[in-house]
Amino acid sequence: MVVKRLKIAVGLLLLAALGLYMLFNQSEKAEFSMAAAQGSAKDIVVNDGSGPCTEPAAGTAAIPSSFKKAAESGQLELYLEEESVAIAVKDKCNGYAWFSYNVDLDMQKAGYSPDIIGYIKSGVSIVTYDKFKPGRRTILGDQAKKTFQFRDDGFTATIDFTKVQLKFDVVVTLKQGDLIIEIPRESIQEYNPALWKPGNNDILLSEMIVYPFFGSVPQKENGYIVIPDGSGAIVRLDETPKYATGYSAPVYGQDYGYETTGALGPKHMAVKPLERVSLPIYGMIHDEGRVGMLVIAEDGASYATYNYVSKNLQTSDYQSYFTYNYRKAYAQMQSRVNKDQYVLGFQQLPNQFDLVQRYVFLSGAKADYVGVAKGFRDYLAKKDGLSKKTEADRKQIPLKIDFINNEVTMGTLGTENVPATKYRQAQELVKTLIEKGYQNLNVTFKTFVKEDSGYRFKVMDQLGGEDAFKEAIADFHSRNVRFSYYIDYAQSYYEKTKYTASKLNRQDMQVMNDSKLLYNYPNNPKYVQYLAERDLDALKKYNIGSLALGGLTETLFTHYDQGMIGYANEGMAYMEQALQDLNDNGIRTGIYLPDAYLYKYAGEYYDTPIVSSDLIFIDATVPLIPLILSGYVDMFSPYMNFSSNDTDVMLRMIEFGVFPSFILTGESTYDIKRTASNDVYASEYPYLQDRIDYMYAGVNEALHEVSNSEMIHHTILAEGVVRVEYANGKTIVINYNNESYSDGNVKIKAKGFVIL
């Protein structure tokens, strides 16, 4: 009897505990649905033929007899070589013919192997895993079976790699002056019936390589490649390359779902990372001012990798192209303690996206890196409704000041708050700046919330409490200070949370942050909208109408999600849903280093790249992003607290049309030494005020008359000398050299600029 009653009591306790658990979790429960697929832009036309045509371009090759005309639009003629699925495109505007491989080159005479010849000529190549080893397969090398369906505007080629039992469609379409290449995801079939069965070799699709030699040439006297590295860069198509080398970088950042995170220990060496590829584009200019093209990774950008290969490395031609990832091997751990014990794992289905790549042919004055940028801007305007600013130019440019309000550090009994700037300290510093004459301030509060292990919204007693916070916000509004609150919904720091995503091997998503020497834990993208919605009532309560969003560069990855695979392109859709929801609720969003697909939500662009990676083969850094967004969005620099050459950095901000930005604390910088802001080495206003005054004065002098105007042209006049032209008629010439420079009747002093 006693035993029976004891069993009943234990059962009741378990039921009670389960009830409490469900009640607690119900309060945190969010409803999720699959992110909506991103809308197709295939019906958009960028080159609509509205510009004037130039004289016939010189140096174009005749179209070989092996290429037959497949389709024609009002502006282009499309030719197909059926054996290789190679194509040629003739631009009627200038008579220039573009080829998917160099038809002037006798490849056998040049000593190329049959494998290389097959790769060069084949329109599409694939990379497969064969017994866990990746290998490239080509249409010609594998003698793939091909069938064609022709339409008035192009053709569809069904390509069947029968040896590995893999087939797909390549849909080629003319849209006035644009060429669109598409590989629909639904057309991809891995039809080996023994696939995934024991004893099978498991030949799996890994990558698609789409027309990797389109526009490739051995040399063009007045030509170059436009590379989307950082702010943008160009590599000239010289007879002898500066360096015979290659470069690859993932568009929109690395896919951490496949990666194994390294150990962060005392011997860890941090290496400066390459600048981010935030634009899904590149350009190929064969004759500046006459002939060029813009290439856009339109769909599938989150799985695209940009590649540059110089001549004399693999072939005698310069290459620029995208590859697309459908599946990668990952380490499936076999031990909890020994990371060297693992087997290679693979996802069963290839990544779910339609591959769409657009070629926009540029003629005349549009055929340069400015035309590449403007072509992509026009594409965004038609696709996303990107619109120009309507405000008049300002007497003062904006100055952005971010305040670190709170951080955390490891204390004796766990993490402890580190107040860095109290609300009244920030209020007083803003008052000081206004009294010095700064009348166009953009201020942000940044608070690490211990309970959330990240930067979220919270009014803290240790920073002065609710009354002090409200007083500061009211004071900012009364002084016409633009205020926003920094929030990072995309990740946590130091430790995982219940929102942390899982890698494909089901381990927690963990990313090493080399600049801060700590781990970030990216959140599952589906939670971002939920986390943002939780803050809406508090934001309205405190009259916060603008957020400064960080961390959105860490949201696109392939991941394991409750028995299913979450895809990077779904992450893009989740981010768009979250930002649209904020905007619909009256919250304006500025974004730190946004990828191009988020430009339509970026009321302001923070941390604007003003450099490329400055790799050894680069000939010049160019302002691709400012050429796209100037006159549309205010752009702010990375934090200028740590500049090693204030004058050169000031001139670069002037050249790029970017406004200065600083990060400050009211307390000593030493206090944040062992926090997530440990990469901020100088933050106290008394030590930074001279630098702020110097940089702002110079940039304001140059840019205040063009602060809302579009940068319409950018010209490299000489080594270290550039000319920037604006839509309102103003021109700025910048001289980085240690000697003066004369541009006609205008003399620019060393390390100086003139406004015309």
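Predicted model: local features only at pLDDT ≥ 70, side-chain atom pairs only at ≥ 80, totals over all residues.
1. H9 covers residues 646-656 and H10 covers residues 685-703. Their axes come within 9 Å and cross at roughly 30°. Angles under 35 degrees count as roughly parallel, so H9 is roughly parallel to H10. The crossing of H9 and H10 is right-handed.

2. Next, the residues behind that packing. H9 contributes Asp646, Thr647, Val649, Met650, Met653 and Ile654. H10 contributes Arg691, Tyr694, Met695, Gly698, Val699, Ala702 and Leu703. Sorted by class, the contact of H9 with H10 holds nine nonpolar, two polar and two charged residues.

3. H4 runs over residues 423-435, and H5 over residues 465-478. They pack at an angle of about 20°, and their axes lie 8 Å apart. With that angle, H4 is roughly parallel to H5. The handedness here is left-handed, whereas H9 and H10 cross in a right-handed way.

4. The H4 side of this contact consists of Tyr423, Arg424, Ala426, Gln427 and Val430. On the H5 side are Gly465, Ala468, Phe469, Glu471, Ala472, Asp475 and Phe476. By class, the contact of H4 with H5 has seven nonpolar, two polar and three charged residues. Arg424 of H4 is one of the charged residues. Glu471 and Asp475 of H5 are also charged.

5. Now a strand pair. Strand E1 takes in residues 68-72, and strand E2 takes in residues 76-81. The two run antiparallel and are joined by four bridges.

6. Last, the chain as a whole. The protein chain has 10 helices and 44 strands. Its radius of gyration is 28 Å, close to the 27 Å that the globule rule gives for 756 residues. The chain is therefore as compact as a globular protein of that length. Along its principal axes, the C-alpha trace spans about 95 × 85 × 45 Å.

Conventions:
Residues numbered from 1 in each chain as written. Heavy atoms only, no water. Axes fitted to C-alpha atoms, helices over the stretch in contact; angles between N-to-C directions. Parallel < 35°, antiparallel > 145°, perpendicular 65-115°, else oblique. Left-handed = near helix turned anticlockwise from the far one by under 90°. Contact = heavy atoms within 4.5 Å. Pairing = 2+ DSSP bridges. Rg over C-alpha atoms; globule rule 2.2 N^0.38 Å.
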